[in-house]
Amino acid sequence: MKEKRNFIGVEKHIRITDIEIGKQIERIMELSEYKSFNKVITEALFYGVPMLCEKLFGEVRLEEAVPYSPPIQSNELEDRYFRVMIQLLKETVMNVVINKSILSSLFHAKEYDNKGLNINNELFTNGLMSDTPDYLYDFEIESIKKMQREG
């Protein structure tokens, strides 16, 4: 019997103490394809464990797990609205990247100026001085990780 249990999987008992998670599980179980508590928990682990390993060990890619998304009913007006919103977000990201590059170049120029070094202007023209300063790079990486954990 023990060999069969090892082959089938691990049997564990859980206690859910977070009321919000309990409500979310109940909501999922209202869907016809999730009438089994075991199926809900198995899929939650399937999606959640890789993210936890990514957070703790950096060893699993989040892209490997594709979350279930129910079919969305939409209308043409909403679709057009979202296309415009996505385009505006892309433009905003592009402008932020440009601003970051310019500000990083100015930071490095001031840094070299303070050291009394002459810098060839072609380095700026060619974008070779636009590396993000180390302290901002570290801040950016930590902020992105935090947003991924929260969202």
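The model is a predicted one, in which local features need pLDDT of at least 70 and side-chain atom pairs count only at pLDDT 80 or more, whereas totals for chains, interfaces and linings use all residues. Residues are numbered from 1 along each chain as its sequence is written, and side-chain values use heavy atoms, with hydrogens and water left out. The protein chain has six helices and zero strands, where helices (H or I, at least four residues) and strands (E, at least two) are DSSP runs numbered from the N terminus.

**Overall fold and surface**

- Followed along the sequence, the protein chain shows the pattern α-α-α-α-α-α.
- Of the 151 residues of the protein chain, 10% count as buried; buried means under 20% relative accessible area, exposed means over 50%, and partly exposed lies in between (1.4 Å probe, protein chains only).
- The protein chain exposes about 13900 Å², of which carbon and sulfur atoms supply 58%; such areas come from the Shrake-Rupley method with a 1.4 Å probe, and for residues only the protein chains shown count as cover.
- Among contacts in the protein chain between residues at least 6 apart in sequence, 32% join residues at least 24 apart, with contact meaning heavy atoms within 4.5 Å.

**The second largest pocket**

- The second largest pocket has a volume of about 250 Å³, a volume being the space filled by probe spheres set on grid points that are joined across faces, edges and corners.
- A pocket is defined on a 1 Å grid over the protein atoms alone, as an open set of points where a 1.4 Å probe fits, with protein on both sides within 12 Å along at least five of seven lines, and its lining residues have an atom within 4 Å of a point.
- The lining of the second largest pocket consists of 13 residues, and those nearest the pocket centre are Val96, Lys100, Thr132, Leu136 and Glu140.
- Helix H4 (76-114) and helix H6 (134-150) are the elements that give two or more residues to this lining, and H4 provides the largest share, seven residues.
- By class, the lining has nine nonpolar, two polar and two charged residues, where Ala, Val, Leu, Ile, Met, Phe, Trp, Tyr, Cys and Pro count as nonpolar, Asp, Glu, Lys and Arg as charged, and the others, Gly among them, as polar.

**The loop between H5 and H6**

- Ser130 lies in the loop between helix H5 (121-125) and H6, and this serine is buried because its relative accessible area is 19%.
- Leaving aside neighbours within four places in sequence, Ser130 is in contact with Ser101, Ser104 and Ser105; Ser130 and Ser104 are 26 residues apart in sequence, yet their C-alpha atoms are 5.0 Å apart.
- Asp131 also lies in the loop between H5 and H6, but Asp131 counts as exposed because its relative accessibility is 54%.
- With neighbours within four places in sequence left aside, Asp131 is in contact with Ser104 and His108, while the C-alpha atoms of Asp131 and Phe107, 24 residues apart along the chain, are separated by 9.6 Å.

**Two lysines**

- Lys35 lies in the loop between helix H2 (19-29) and helix H3 (37-57), is exposed with a relative accessible area of 56%, and, leaving aside neighbours within four places in sequence, is in contact with Met29 and Glu30.
- Lys145 is found in helix H6 and is partly exposed, with a relative accessible area of 41%; Lys145 and Lys55 are 90 residues apart in sequence and 8.1 Å apart in space, C-alpha to C-alpha.

**The aromatic pair**

- The structure holds one aromatic pair, in which the rings of Tyr81 and Phe82 have their centres 5.4 Å apart and their planes at 70 degrees, so the pair is edge-to-face.
- Rings of Phe, Tyr and Trp (its six-membered ring) pair if their centres lie within 6.5 Å, and planes under 30 degrees apart count as stacked, over 60 as edge-to-face and the rest as tilted.
- Phe82 counts as partly exposed, at 40% relative accessibility.
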